[in-house]
Amino acid sequence: ILPDYQIPVEFNTLGEYLEHLTLEGLKFRYKTLTNKIKDRAFYELSVIIGMGFEGYFLIVWDFIKFAHDHDIPVGAGRGSGAGSIVAYALRITDIDPLKYNLLFERFLNPERISMPDFDIDFCFEGRDEIIKYVTNKYGEDKVAQIITFGTLKPKAVVKDVARVLDIPFAESNELTKLIPDGPKVSLKEVLDDNSLKEYFISKPVYKELMDAALVLEGMNRHASTHAAGIVISKTPLTDYVPLYKDYKQGSVSTQYTMDLLEECGLVKMDFLGLKTLTLIKNAENLIRSVNPDFKIKNIPDNDVKT
């Protein structure tokens, strides 16, 4: 359920405009357009247009073009999207898939219907500017971040229930120290240890605590915002999903998590802010103070010193 991308009047379809941008981009990327390059590009275009994803590519191209035009560093590309020569031509990615023998089919395959998903890294300081641009272009009611939920892990649920039962903090702290660390630890596993089980039921209030904690473990405790995910819809998002407003930051997120949004037909886009890109940008600016022509992208892959 992507928004309708507005193309220049001289083009009749999204596919025609995407093909035009791709061919212009290939001229920028390659000194000579060999048959191998053109065949790969037209094959990819046939798949993209055939699967109806030309609008998606144009939307991504548009906000990345905004980033380039406003000197906001963009990551070279990662994930399966780096295997697309169309993405390379559009400067969505900065990796030549022919040079590195990358497969387009890992990204899009007509025999495996799935939404395309570019993982896009932006300079940490410029990420909000990109989101603001997208919001202004498509409308505040059509753009939102994505909610995530923090769940009650074993130690956290014991502390929360202990607080409700007025168990002193020092005492609850001693209880949680008995619970091993680790992402896959569960209270049930802890209580399978007879020595620990005896301790946790040694007092009536401890037994009450554990009975409640076993029920509450794994439930959602609080709402947060996905580190990168953004959704953009064709009509107001409230036509498809309920929304949530963070009372502290004022940002709007969907009340549905990432997986449920896909079931609703909405497309998630990743706008990840990387401090690494910010550091590289700052370092590049420092070098330019003594060498104005320096560009980090001009350093060859086989540079010995690098």
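Reader: Which residues form one aromatic cluster?
Author: Rings of Phe, Tyr and Trp (its six-membered ring) count as a pair if their centres lie within 6.5 Å; planes under 30 degrees apart are called stacked, over 60 edge-to-face, and the rest tilted. One cluster is formed by Tyr 43, Tyr 56, Phe 57, Phe 104, Phe 107 and Phe 118.

Reader: What kind of model is this?
Author: Residues are numbered from 1 along each chain as its sequence is written, and side-chain values use heavy atoms, without hydrogens and water. Local features need pLDDT of at least 70 and side-chain atom pairs count only at pLDDT 80 or more, while totals for chains, interfaces and linings use all residues, since this is a predicted model.

Reader: What is the angle between the planes of Tyr 43 and Phe 104?
Author: The pairing rule gives 14 aromatic pairs. In the edge-to-face pair of Tyr 43 and Phe 104, the centres are 6.1 Å apart and the angle between the planes is 80°.

Reader: How many residues apart are Tyr 43 and Phe 104?
Author: Helices (H or I, at least four residues) and strands (E, at least two) are DSSP runs, numbered from the N terminus. Tyr 43 belongs to helix α2 (residues 35-50), and Phe 104 to the loop between α4 (85-89) and β1 (119-123). The pair thus links distant parts of the chain, 61 residues apart.

Reader: Which residue has a relative accessible area of 0%?
Author: Buried means under 20% relative accessible area, exposed over 50%, and partly exposed in between (1.4 Å probe, protein chains only). Tyr 43 has 33% and therefore counts as partly exposed. The buried residue with 0% is Phe 104.

Reader: In which helix is Phe 57, which pairs with Phe 118?
Author: Phe 57 and Phe 118 make an edge-to-face pair, 5.4 Å centre to centre with 85° between the planes. Phe 118 lies in the loop between α4 and β1, 61 residues from Phe 57, which is in helix α3.

Reader: What share of residues 41-64 is helix?
Author: The unreviewed UniProt entry lists residues 41-64 as "transmembrane region"; such annotations use the numbering here, have shortened names and may be inferred rather than shown by experiment. The end C-alpha atoms of this segment are 20 Å apart.

Reader: Which residue of β3 is the bridge partner of Ile 147?
Author: Two strands pair if DSSP finds at least two bridges between them. Val 143 stands opposite Ile 232, and the partner of Ile 147 is Thr 225.

Reader: In which sense do β2 and β5 pair?
Author: Gln 145 stands opposite Ser 253 in β5. Over two bridges, β2 and β5 (residues 252-254) pair in a sense that is parallel.

Reader: Over what arc do the buried residues of α10 lie?
Author: Tyr 206, Leu 209, Met 210 and Ala 213 are the buried residues of α10. The arc is that of the directions from the helix axis to the C-beta atoms. These residues are on the same side of α10, because their arc around the axis is only 95°.

Reader: Which ring does the charged end of Lys 275 sit over?
Author: A charge sits over a ring if NZ of Lys or CZ of Arg is within 6 Å of the ring centre and within 35 degrees of the ring normal. Lys 137 has its charged end over Tyr 138, 5.9 Å from the ring centre. For Lys 275 the distance is 5.2 Å, and the ring is that of Phe 124.
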